[in-house]
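Please read the numbered points with the model in view.

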Amino acid sequence: MPNKRAVLDIGSNTIRLLIAEITAEKNFEKIHYQHAIARLGQGLQQTGALSTDGKQRALKVFKTIAD
């Protein structure tokens, strides 16, 4: 039976998705990889909060990944 895993890396600038199959040797074989620049942390240093625009861009990326 295939042993597949997905990893979603949500950073302040980029959101990455990796889907891989774990082999019997405990290595992985990449099945799918994608990344998108969402700039989620734009303005965070100045305000201490995530901006509405950044959150909207991130949500758009998540919707793309889900489809």
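**Backbone and hairpin**

1. Arg39 is found in the loop between β3 and α1 (44–47); helices (H or I, at least four residues) and strands (E, at least two) are DSSP runs, numbered from the N terminus. Its phi is near 50 degrees, a positive value in a residue other than glycine. Most residues other than glycine have a negative phi. At 38% relative accessibility, Arg39 is partly exposed, a class lying between buried (under 20% relative accessible area) and exposed (over 50%), with a 1.4 Å probe and protein chains only.

2. The model is predicted, so that local features need pLDDT of at least 70 and side-chain atom pairs count only at pLDDT 80 or more, while totals for chains, interfaces and linings use all residues. Residues are numbered from 1 along each chain as its sequence is written, and side-chain values use heavy atoms, with hydrogens and water left out.

3. How many bridges join β2 to β3? There are 9, and the two strands run antiparallel; strands count as paired if DSSP finds at least two bridges between them. Within this arrangement, Ile22 stands opposite Phe28 in β3. The two strands form a hairpin with 5 residues between them.

4. Lys26 belongs to the loop between β2 (14–22) and β3 (28–37). Phi of Lys26 is positive as well, near 70 degrees. Is Lys26 buried or exposed? Lys26 is exposed, with a relative accessible area of 72%.
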